[in-house]
Amino acid sequence: MLKYLKIDTFILLVVAGVLLSCSSSDDSRMAGQESPNKQPPASGVNLELNWSKSIGGSLNDEVKAIVLLDDDYVVLGNTESVDGDVDRVRGTQDFWVIKLNAKGEIIWNNTYGGNDDDRGESIAKTTDGGFIISGYSRSLDDDVSNNEGSYDHWIVKLDAAGDLQWEKSFGFLGDDRAFSVKETPDGGFVTAGFLDVDNYNGPNLKPTKGAKGLKTLHGVGEFWIHKLDREGNKEWEKFFGGSNNDRASDIVVTNDGGFIAVGSTESDDFDINKNNGSYDYWAIKINATGELIWEKTYGGSEIDMANAIIKTADGNYIIVGNSRSSDVDVKENKGNADVWIVKINENGVLLEQFSMGGSDFDNAEAIYETRSGSFLIAGNTRSNDGDIQEAKGGNDYYLAEIDQKLQLQWTATLGGAKLDFAYDVLEDAKNNIIIIGDSESVTDLIDNKGKKDALVISLSK
């Protein structure tokens, strides 16, 4: 029997055939202590709220990615505020990094950027104990040493204390954004995002054609990959795509030292051999020097958008995002957009796929493999049926666990009456589940300080 877990304004309700009420507003339970009236089902998983933390000021604040640092958590996003938990005076938006302890208390939080708009998207730990961050910036002052026009890829290296060690910008006159960065086996880094190729004037431009000639083969956005050394110096960059819009959202390092980048494409030419209709998930495998090894599309005749990829313990890869299709590679659609999960092997062969959600919009932003071999999925939902047992408001955090065969084990929705979006999830050494994102809601346990706050939630099973 499929078990669903849901947290209604952070009051726990467990579904295992019938609803069992185990809610309590007792403060000790909200602090993660055992509730005396807890009634676990005979078979199932019980989620307990350890704590929730709203972080921010009076304006818009959000977090997009999280990593573990021993027993602490380090999260990345961007902030518009200049008050509350945020100590800054500059810019429209800044990169924002927060270190939290295991109780959700702020150890430190720093901002990075200039006087224009700077937005953090991805963070990874580095072997020297620090962090590498990717995002995009429109600034040309303070922490940002260069900008070629509109948004540029902005890559920032921090030490363990959050101090800036170096920063690099990559871009041209158009809108160029970096969504993912990973450390490579040689101690350098690889980044993935998109490029406005119409304004491109880099080393991959064919001299006999020029930018306008190249535009006949490439559209507004292309997958754009950079390989950097350990000091952030560019070793090479390559772009891939077709004559329509192609955008990379994530990248992983493969066992042979190459890379798989994923995102979405609406093209059916140049680097893309097949399009199933509208946007498809698109994955490309490149070698250590950026040469294209293979490319694959996955999806159906409607819009399918890939957001994240992980390498799994069995040597394969799982891609998550959302799909509106119900044909070709997509075997089921529950309505509007569903969370769509795709498992591929090292050669890009589709091994398994699975859809979950309800009749409204459901989306996966992140996937995390646990020590037990299951997978946690974080995203957002507007549904109130199907795999989604209850909506809290306009948009909710969506958390799910699937097994190795991509079978759904349980789902949970978290949030309040307004808009709540989850972007990342992990499991810590004590098996707590940490899910992060942003919230516009106000509840007994969401202490919103302004328009939109970062929201970090700790749960245990």
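Is Lys64 buried or exposed? Lys64 counts as buried, at 15% relative accessibility. The cut-off for that label is under 20%. The notes below go through this predicted model point by point.

1. **Lys64 and its surroundings.** Lys64 sits in strand E5. Leaving aside neighbours within four places in sequence, Lys64 has contacts with Leu76, Gly77, Gly120, Glu121, Tyr423, Asp424 and Ile436. One C-alpha separation is also on record here: Lys64 to Arg119 is 9.8 Å, for two residues 55 apart along the chain.

2. Asp70 belongs to the loop between strand E5 (61–69) and strand E6 (72–79). Its phi is positive, about 60 degrees, although Asp70 is not a glycine. Is Asp70 buried or exposed? Asp70 is exposed, with a relative accessible area of 69%.

3. **Asp142, another positive phi.** Asp142 is likewise a residue other than glycine with a positive phi, in this case near 50 degrees. Asp142 is placed in the loop between E10 and strand E11 (152–158).

4. **Strand E4.** This strand covers residues 48–55. Of its 8 residues, 6 are buried, so E4 is largely enclosed by the rest of the structure. Its pairing with strand E31 (residues 453–460) is antiparallel and runs over 7 bridges. Within that pairing, Lys53 is opposite Val456 of E31.

5. **The largest nonpolar core.** This core has 18 residues. Which of them touch the most other members? They are Ile318, Val320, Ile341, Met356, Ile367, Ile377 and Ile402. At least two core residues come from each of these strands: E21 (304–311), E22 (317–323), E23 (338–344), E24 (350–356), E25 (362–369), E26 (375–381) and E27 (396–402). E27 gives the most, with 3 residues.

6. **A second core.** A separate core of 17 residues is also present. Its members include Leu399, Ile433, Ile446 and Ile457.

7. **A four-stranded open sheet.** The order is E17-E18-E19-E20, and the pairing is antiparallel. Which strands stand at the edges? Strand E17 (246–253) and strand E20 (292–298) do. Each has a single partner strand, so one side of each lacks a neighbour in the sheet. From one strand to the next, the twist averages 20 degrees.

8. Strand E18 (residues 259–265) and strand E19 (residues 280–286) run antiparallel and are joined by 7 bridges. Ala261 faces Ile284 in E19 across this pairing. In a regular strand, side chains alternate between the two faces of the sheet.

9. **Aromatic pairs: Tyr136 and Phe179.** The structure holds 13 aromatic pairs. One of them joins Tyr136 and Phe179 edge-to-face, at 6.1 Å centre to centre and 70 degrees between the planes. Tyr136 lies in strand E10 (residues 131–137) and Phe179 in strand E13 (residues 177–183), so the pair ties together parts 43 residues apart in sequence. Tyr136 counts as buried at 6% relative accessibility. Phe179 counts as partly exposed at 22%.

10. **Aromatic pairs: Tyr200 and Trp224.** This pair is edge-to-face too, with 6.4 Å between centres and 85 degrees between planes. Tyr200 is in the loop between strand E14 (189–196) and helix H2 (210–215), and Trp224 is in strand E15 (residues 221–228), so the pair ties together parts 24 residues apart in sequence. Both Tyr200 and Trp224 are buried.

11. **A ring cluster and charges over rings.** Which residues do ring pairs link into a cluster? Tyr136, Tyr151, Phe179 and Phe194. Arg138 lies over the face of Tyr151, 5.3 Å from the ring centre. Elsewhere, Lys238 lies over the face of Trp236, at 6.0 Å from the ring centre.

Terms used: Residues are numbered from 1 along each chain as its sequence is written. This is a predicted model: local features need pLDDT of at least 70, side-chain atom pairs count only at pLDDT 80 or more; totals for chains, interfaces and linings use all residues. Side-chain values use heavy atoms; hydrogens and water are left out. A nonpolar core is a set of buried Ala, Val, Leu, Ile, Met, Phe, Trp, Tyr and Cys residues joined through side-chain atoms within 4.5 Å. Buried means under 20% relative accessible area, exposed over 50%, partly exposed in between (1.4 Å probe, protein chains only). Two strands pair if DSSP finds at least two bridges between them. Axes are lines fitted to C-alpha atoms, for helices over the stretch in contact, and angles run from 0 to 180 degrees between N-to-C directions. Rings of Phe, Tyr and Trp (its six-membered ring) pair if their centres lie within 6.5 Å; planes under 30 degrees apart count as stacked, over 60 as edge-to-face and the rest as tilted. A charge sits over a ring if NZ of Lys or CZ of Arg is within 6 Å of the ring centre and within 35 degrees of the ring normal. Contact means heavy atoms within 4.5 Å.
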